[in-house]
Amino acid sequence: MCRWAAYLGAPIFMEEVVVQPGHSLIQQSQEAEEAKTAINADGFGVAWYDHRAEPGLYRDVLPAWSDPNLRAIAHQVKSRLFLAHVRASTGSATSRNNCHPFAYKHWSFMHNGQIGGFETFRKQADMLIPDGLYHKRQGATDSEVLFLLVMDAIEQGSTVPQALEHATRALLDLSHKHGTTPHLRLSAALSDGTSLWAARCASDQYAPSVYYRWSGSRQGWAVVSEPLDRDEDDWICLPPGHIARFEGRDVTVEPFQP
């Protein structure tokens, strides 16, 4: 299972989330505490927003802790909104195209979890992607299919929660028909360059963890798979079956039921 972290607020250097904290994302790539696997070594990626509407994107297949370029970029790049991810594959190959975050136009997306038995119905899942978006299908993961289905629903007029519910439900139905248990475990983050959404759900009692915290010193939100610093006791756990939207200093939480 993967680990991820996102930030929204006043601009900060990405290393303040990715590298520096005691339980930073790089540290979680080696010693995750709330995941099925402690090691997340199957690639990494960051997507960040600055002057352009489209996010910058850097992904590679090395373990996050062993790539000096990631540390150099995180040290130099200052951003008001970024998503960062370290990957532990649930079956698909270790390749750059399978690394998160994924990006389309001004949207970015990352995911932790699994659609049970995806490898047995990947063809049927790919067929759900409309022709107008299929050229964006670069990798082989369930996560990328989920993202493209969300993008299609949004372009058809759905809100983000509606789109994520619709896309998740479509893949969950395929898992029930052709896959295996657990049919769904999901935590995901999605951004349009202004707002940030985070969702958490599962078909059993093991929904992947999501936490969030407002930092008064940084004037921003951290939204993460695991708290970045255990000495900070004001992390809020997103309840299973819910989606949160972060915009400015505000957060709204509502049910999320695929």
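**Figure 1. Charges across the predicted model.** The protein carries 23 positive and 30 negative charges. Their mean positions lie 4 Å apart. This structure is a predicted model.

**Figure 2. The overall fold.** Seven helices and 13 strands make up the secondary structure of the protein. The radius of gyration is 17 Å, close to the 18 Å that the globule rule gives for 258 residues, so the protein is as compact as a globular protein of that length. Along the principal axes, the C-alpha atoms fill a box of roughly 50 × 35 × 35 Å. Of the 258 residues, 55% are buried.

**Figure 3. Two cysteines, C201 and C237.** How many disulfides does a search of the whole structure find? The count is zero. C201 is in no disulfide, and its nearest cysteine sulfur belongs to C237, 14 Å away. A disulfide is a covalent bond between the sulfur atoms of two cysteines. The cut-off for such a pair is 2.5 Å. At 14 Å, the sulfur of C237 is too far from that of C201 for a bond. The surroundings of each residue can be compared as well. C201 counts as buried, because its relative accessibility is 5%. C237 is partly exposed, with a relative accessible area of 37%.

**Figure 4. S225, in a loop between two strands.** S225 sits in the loop that runs between β10 (220–224) and β11 (236–237). Is S225 buried or exposed? Its relative accessible area is 0%, so S225 is buried. Which residues does S225 touch, leaving aside those up to four places away in sequence? They are C2, R3, W4, Q28, S209, V210 and Y211.

**Figure 5. L133, in helix α5.** Helix α5 spans residues 131–134 and includes L133. L133 has a relative accessible area of 2%, so this residue is buried. Not counting residues up to four places away in sequence, L133 touches Y104, L148, M151 and D152.

**Figure 6. From L133 to R3.** R3 is one of the residues that S225 touches. Where does R3 lie relative to L133? The two residues are 130 residues apart along the chain. Their C-alpha atoms are separated by 27 Å.

Conventions. Residues are numbered from 1 along each chain as its sequence is written. This is a predicted model: local features need pLDDT of at least 70, side-chain atom pairs count only at pLDDT 80 or more; totals for chains, interfaces and linings use all residues. Side-chain values use heavy atoms; hydrogens and water are left out. Helices (H or I, at least four residues) and strands (E, at least two) are DSSP runs, numbered from the N terminus. The radius of gyration is taken over C-alpha atoms; the globule rule is 2.2 Å times the number of residues to the power 0.38. Buried means under 20% relative accessible area, exposed over 50%, partly exposed in between (1.4 Å probe, protein chains only). Lys and Arg count as positive and Asp and Glu as negative; His and the chain ends are not counted. The place of a charge is taken as NZ of Lys, CZ of Arg, CG of Asp or CD of Glu. Contact means heavy atoms within 4.5 Å.
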